[in-house]
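Welcome! Take a moment to turn the model around before reading on.

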Amino acid sequence: MSMLEFTLLMYCYAALIAVLAISLYGLVRRPNILKKIICLSIFGDTANTLIIFLGFRTRNPIPPIVPTLTPTKSLMMEFTRRAVDPVPQCLVLTAIVINMAVLMFLIFLAIQIYRHYGTLDVRKVARLRG
Amino acid sequence: MNLEYTPILHVPALVPILAVGSAFALPLIHLVTKSRKVCEYFVVTITGIELVLTTIVLHLAYTSTKPIIYTFGAWPPPVGIVYEIDRFSALLGVLAAVLFFTAALYSTKYLEKDYGVEWYYTLLLGFEAGIVGCAYTGDIFNLFVMFEVLSISAYALVAFRKDVPEAVEGSLKYAIVGSVATTIYFIAITFIYGSFGTLNMADLAAKVRGLTFPVTGTALGNVHVATGIALALIVWAFSIEAALVPNHFWLPDAYVGAPVTFSAISSGAAVNISLYIIARYLYTILQGRDGPAAPTVEAVLIALVVMGCLSAIVGSVLMIVQKDINRLIAYSTIVNSGYIAIGLGIGTPLGIVAALFHMINHAVAKALLFFCAGNYVHVVGSRDLDDLAGVGKKMPLTTIGLVVGALALAGVPPLNCFMSKLILAQALFEANLTPLIAVIVFASVLSLMAYLKIIYNVYCRAPVKKLPEAREHPLMAYPVIAYAITCIVFGLLAPILVPTAIEPAVTDLLNTDNYIKAAMEIAEKLLR
């Protein structure tokens, strides 16, 4: 791996972790429920991107499909070196569906909160204390 | 390879699949029949079948010498998703199934004034699938999926009474905090997969030891750094779900507006499952404080003890000042979750025995208390302790249950929680942590005062306002009586139960050799 590639990769990781931190900050500090939900969505998506990154091969990636039914040993060596890891993509696919369900549920809750309290500001939605 | 077809070996997989399948079938059944009765009978039947199935799994686990492995689609361990059930997880599965069965019976009368119960029962079955799936699975990503199933059902169950503002508010808090926790666990999976190259628990345990596993070989990256980061994230994520201080704040809010059946199951099963997951990572995968990852595990164990002590103290202090019966009992959950965390954090087998026994005892006693509170609130229509004044005299059965449950949780000698607290104190003594016994005693005394406050209010005080003349329905009284008897019986039979049921389960949790070997035997067939 060349110096440039390494720097770029590290930059991407740093950026992803920074986005994770910023979205957590927004989740905690923003009083508006919709903004909290947006931050939560960003948080989840960044985690997904992070795991997609793990499966990525920097040099000449190929899809994880063996092109023949009778692979030779050298072909398989080449394949394992270059093919993108499909497992993280499966994980992300599952996680995206789950995130969607949570997101839909949270949005419905936000609507219901607005019906009860007439506001989406968590400082005013505070019937529960202690 | 001579494989005989034995249908009973498919039972472990059937448990979550039946629950999820019937959860999806229930709205359709309601659509066709438009009958509330049919839904209720259906759910009680399904949870009853689940109870039988989990008991069969328990029997299989206790009679077999190694963990039961179920391979989905016959894909062997590191490649496919497997269920790996040892005695510890089988025991927790039965505990959850008992709670769900009684909760389903209890709900038939408890929710008679609510509408849309078919959705409630759908969520209840989803919740059951999630909890049992979490207990049985042998794959860390499947664990994530099952935990999400559990969590989403739980958020929605909290908000079931969506016309009550408190319920929606509590649900929102729980949903935001809970989904952050599950995403944090997902990031932990990222680190684990990035360095180990596998998602199977037995495979992970083998790689932590430096063994080679079929197909995945040895670990890819730096195992120690990744284990440290991942373990920190996992403990963070699941201490939120287990309501350990300082991550406890969502729990009282969620329990106030939720149906008491949810509160009973959540504090009895969901909290236990979160602590079970932490224990599984610490003791099976990373092999405890004597294993290869000793420094990391040691740090986490100290953190668990500290969080447990904080939970016990903060929970019991806040418990006394509550005026709302549900909220008071919710703080008691935080206290007891703290005891279990202390037991897991000691790191000795005796500590884990105490933790597991307390998980079971707490689940029984807490379900009892919540069902009693539900009986009162159902009749009076208010959760305020002042409004409940005098209602206990009209409902003697419930009051007897309340007294038994309260005394059990406070740790009065012949009852069940006393026995587990005694073992916990003994474990602390043996681990040279004697000062912490004072924390347990202090928290128990404070919570006894809080329980006496409920008993005084419902039984000894004169009614503040005119009370309705209703009694508890038999279906709401039977679970209370059954749990009260269980509290007493478990207390009296503790000297028999601990060596026969609890200690083998803890031995299985600590026996990583067996855990790896069972999976490896099946995996090696792939290479043949």
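The notes below look at chain A as a whole and then at one helix of chain B.

This is a predicted model, so please read every value as computed from it.

**Chain A**

Start by counting elements: chain A has four helices and zero strands. How spread out is chain A compared with a compact globule? Its radius of gyration is 21 Å, while the globule rule gives 14 Å for 130 residues; because the value is well over the rule, chain A is more spread out than a compact globule. The table gathers some overall values for this chain.

| Property of chain A | Value |
|---|---|
| Box filled by the C-alpha atoms, along the principal axes | roughly 65 × 35 × 20 Å |
| Share of the 130 residues that count as buried | 20% |
| Share joining residues at least 24 apart, among contacts between residues at least 6 apart in sequence | 58% |

**Helix H10 of chain B**

Now find residues 260–285 of chain B, which form helix H10(B). With 26 residues at 1.5 Å a residue, H10(B) should span 38 Å, and its end C-alpha atoms are 35 Å apart, which agrees. Where is the kink in H10(B) centred? Look at Ser266(B), where there is a kink of about 40°.

Is H10(B) largely enclosed or open? Of its 26 residues, 26 are buried, so H10(B) is largely enclosed by the rest of the structure. Just after this helix comes Gln287(B), which takes a positive phi of about 60°.

Key
Residues numbered from 1 in each chain as written. Chains lettered and ligands numbered in written order. Predicted model: local features only at pLDDT ≥ 70, side-chain atom pairs only at ≥ 80, totals over all residues. Helix = DSSP H or I, 4+ residues; strand = E, 2+ residues; numbered from the N terminus. Expected span 1.5 Å × (residues − 1). Bend = angle between axes of the 7 residues up to and from the residue. Buried ≥ 20, exposed ≤ 12 C-beta atoms within 10 Å, placed from the backbone. Rg over C-alpha atoms; globule rule 2.2 N^0.38 Å. Contact = placed C-beta atoms within 7 Å.
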